[in-house]
Amino acid sequence: MVKHLLIIETTPTVNWYRILAGMHILGEEVHVEQAQYSEISVTAYSDMGCVCVLAPARQPLEGTPQNTERTINPDFLFVRSVTRALEGQDSRNILYAFMFSGLPSVNSLESIYCCLERPIVYGELLKSHKKLGDRFPLIPQTLYPNFRSMIITPEYPLVAKVGHAHAGYGKIKLHDHHQFEDFRSVCALSPAYVSAEPFIDWDYDIRVQKIGNHYRAFHRRNPNWKGNVGSSIIEDAPMTPEYQLWVDEAATYFGGLDICAVDALHRKSDDKCFILEVNDTAIGLVHKYEPEDYQHMRELIETRMTAYFSAPRQQVPPQPTAGPATAVAAAQNTADVPAPPPGPAPAAADPATAGRKKLACSIA
Ligand SMILES: Nc1ncnc2c1ncn2[C@@H]1O[C@H](COP(=O)(O)OP(=O)(O)O)[C@@H](O)[C@H]1O
Ligand SMILES: [Mg+2]
């Protein structure tokens, strides 16, 4: 028997076939497939789970099946991609199909779903702040569900953040109410929620990362007020009990975030820190630690898959003997790649889409 593991990876050059080579779970070989969200077409059946057709990759990894169309019925997922990015790029419906099928995943699909929206994550951070007080120094924030409620603001200068965007996108520094009024008039054209918080005059921003039980902390310095835009200098920072508390707390959210990172700011004038946000499964890695961190991710997948497949579970109901789902799923157990199921073929990845995906990956 073989276990089918589907990796959803934004960066086409990251090679999960290699990172996970030779993996076995409970004596069974793990068959890895890797694709970007834009290459995946899914049909979810109540009896047979998810049938995924993976379009040939635009930049196939050498020596892998990525240059062909593949059909798989995944047993487990590993998600290393944001679900939504820029210019309306949105793979939530694919995420829902995986959730429909109850597919086990790292991070869990439920946690990925909850992390889709910044106010939901902030709500969790606020609970931690109420529980831990100054030991969990969360930045105060105001949420405006629409432009009409954009009336009362924090003190200026402030930072306004629009919608779910990552990687510095959708964030603007505003110096007075004239600028805020202009900004509000722009927001009136968008259905996105907006938040506002005081601008912190920071000397370095802080990233505390957790992958399974492996922790790292970094300080980042940047001449831009957005520390994750342009070129920044990233230094290793000691993993203090304070940082550990922040990230351990965040790792409990939404049933548990196996992979997560807390972003915070340090203000030089009074040596205070301000927690900004929690990033989930698609955290960007610091280049020099990538090989090690990918090994930590491998360990994590092994641990989670072993726990999942060794847990007692309900008997699978008898399978129907006919129908497209049955035919495709049955074919998964053969060595040959079957024809795709009926339905629309996955859209070919276009260069613009590929570029946007890459951009989304540089979340910091
Ligand atoms: N309130 C703030 N005051 C000063 N700088 C901020 C503030 N909020 C964000 N920044 C800067 O912008 C960067 C991006 O903001 P963040 O909230 O982490 O969103 P994302 O990383 O998802 O775009 C932060 O790393 C920080 O450098
Ligand atoms: Mg951030």
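**Figure 1. Surroundings of ligand 1 in the predicted model.** Strand 13 (202-211), strand 16 (259-267) and strand 17 (272-279) each contribute at least two residues to the shell around ligand 1, in a model that is predicted. The ligand is surrounded by 19 residues, of which Val159, His166, Ile200, Lys226 and Gly227 are the closest. By residue class, the shell around ligand 1 consists of 9 nonpolar, 4 polar and 6 charged residues. Both domain 2 (116-139 + 201-280) and domain 3 (140-199) take part, each providing at least three residues of this shell.

Figure 2. Between strand 9 and strand 12 (residues 194-198), the antiparallel pairing extends over 3 bridges, and tyrosine 144 stands opposite valine 194 of strand 12.

Figure 3. Strand 1 (residues 2-9) and strand 3 (residues 28-35) run parallel and are joined by 7 bridges, with leucine 6 standing opposite glutamate 33 in strand 3.

**Figure 4. The setting of phenylalanine 254.** This residue lies in the loop between helix 6 (241-250) and strand 16. Phenylalanine 254 counts as buried because 20 other C-beta atoms lie within 10 Å, the cut-off for a buried residue being 20 or more such atoms. When its neighbours within four places in sequence are left aside, phenylalanine 254 is in contact with Glu110, Ser111, Cys114 and Cys115. The C-alpha atoms of phenylalanine 254 and leucine 109 are separated by 9.9 Å, although these residues are 145 residues apart along the chain.

**Figure 5. Two cis peptide bonds in loops.** The peptide bond from valine 106 to asparagine 107 is cis, with omega near -20°, and asparagine 107 belongs to the loop between strand 8 and helix 3 (109-114). Tyrosine 156 and proline 157 are likewise joined by a cis peptide bond, for which omega is about -5°; proline 157 is placed in the loop between strand 9 and strand 10.

**Figure 6. Positive phi at alanine 167 and aspartate 271.** Alanine 167, a residue other than glycine, has a positive phi near 55° and is located in the loop between strand 10 and strand 11. Aspartate 271, which is not a glycine either, has a positive phi of about 60° and is located in the loop between strand 16 and strand 17. Alanine 167 counts as buried because it has 20 C-beta neighbours inside 10 Å, whereas aspartate 271, with 8 C-beta neighbours inside 10 Å, counts as exposed.

Definitions and conventions:
Residues are numbered from 1 along each chain as its sequence is written. Chains are lettered from A and ligands numbered from 1 in the order in which they are written. This is a predicted model: local features need pLDDT of at least 70, side-chain atom pairs count only at pLDDT 80 or more; totals for chains, interfaces and linings use all residues. A residue is near a molecule or strand if its C-beta atom, placed from the backbone, lies within 6 Å of it. Helices (H or I, at least four residues) and strands (E, at least two) are DSSP runs, numbered from the N terminus. Ala, Val, Leu, Ile, Met, Phe, Trp, Tyr, Cys and Pro count as nonpolar, Asp, Glu, Lys and Arg as charged, and the others, Gly among them, as polar. Domain bounds come from an automatic or database domain assignment. Two strands pair if DSSP finds at least two bridges between them. A residue is buried if 20 or more other C-beta atoms lie within 10 Å of its own, exposed if 12 or fewer, and partly exposed in between; C-beta atoms are placed from the backbone. Two residues are in contact if their C-beta atoms, placed from the backbone, lie within 7 Å.
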